[in-house]
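Please examine the sequence and the three-dimensional structure shown here before reading on. The paragraphs that follow lead from a pocket to the strands.

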Amino acid sequence: MRQKEDSTTIATNNTTGLGTINNLPGAMTMKVDSLPEFPGGELAMNKYLDEHTKYTLEASAKNINGTVYVSFIVKEDGGISNIKLIAGIGNGLDDVVISLVKSMPRWKPGIRKGKPQQFIVFLPVSFYLKS
């Protein structure tokens with residue numbers, strides 16, 4: 001029996017080379033033409049995060065440091081949907097990251113077999129107060 005392909009692929013940064021997608025452990029690995037990309041690439045995304053990520057007063061007062069992990073789908077048209085908190089640090093910072101992802105511009109969609117396809121993207125956003 002042939003297994004139906006999932007219409008959503010998980011995008012990860014990995015050491016096996018660009019264009020390789022790893023699904024969850026035990027699942028298959030597949031080649032793609034290109035991964036989804038923030039407009040302007042990774043450096044532009046880092047700049048966007050730096051400029052738009054704000055500490056909450058509560059987190060600042062408590063000197064909270066750490067990383068919030070979210071996942072989201074980059075759709076075939078580059079839009080973002082299904083934002084989910086994977087691991088948070090609380091004190092309002094989880095909501096900051098979710099709002100930040102919601103306000104991102106459209107991404108360049110991932111391409112597989114010459115066609116845009118939706119991909120799940122995992123994004124860590126770190127918070128560290130400067131002493």
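On a 1 Å grid over the protein atoms alone, a pocket is an open set of points where a 1.4 Å probe fits, with protein on both sides within 12 Å along at least five of seven lines, and lining residues have an atom within 4 Å of a point. The second largest pocket is lined by 13 residues, and Asp50, Thr53, Ser126, Phe127 and Tyr128 lie nearest its centre. Strand β7 gives the most to this lining, with 4 residues. Strands are DSSP runs of E with at least two residues, numbered from the N terminus.

This is a predicted model, in which local features need pLDDT of at least 70, side-chain atom pairs count only at pLDDT 80 or more, and totals for chains, interfaces and linings use all residues. Residues are numbered from 1 along each chain as its sequence is written, and side-chain values use heavy atoms, with hydrogens and water left out. The predictor's confidence in each residue, pLDDT, runs from 0 to 100; the protein chain averages 84, and 77% of the residues score at least 70.

Strand β7 (residues 115-127) also runs antiparallel to strand β4, to which 9 bridges join it; strands pair if DSSP finds at least two bridges between them. Within this pairing, Val74 has Phe119 of β7 as its bridge partner. Strand β4 is joined by 5 bridges to strand β5 (residues 80-87), again antiparallel, and here Val70 stands opposite Leu85.
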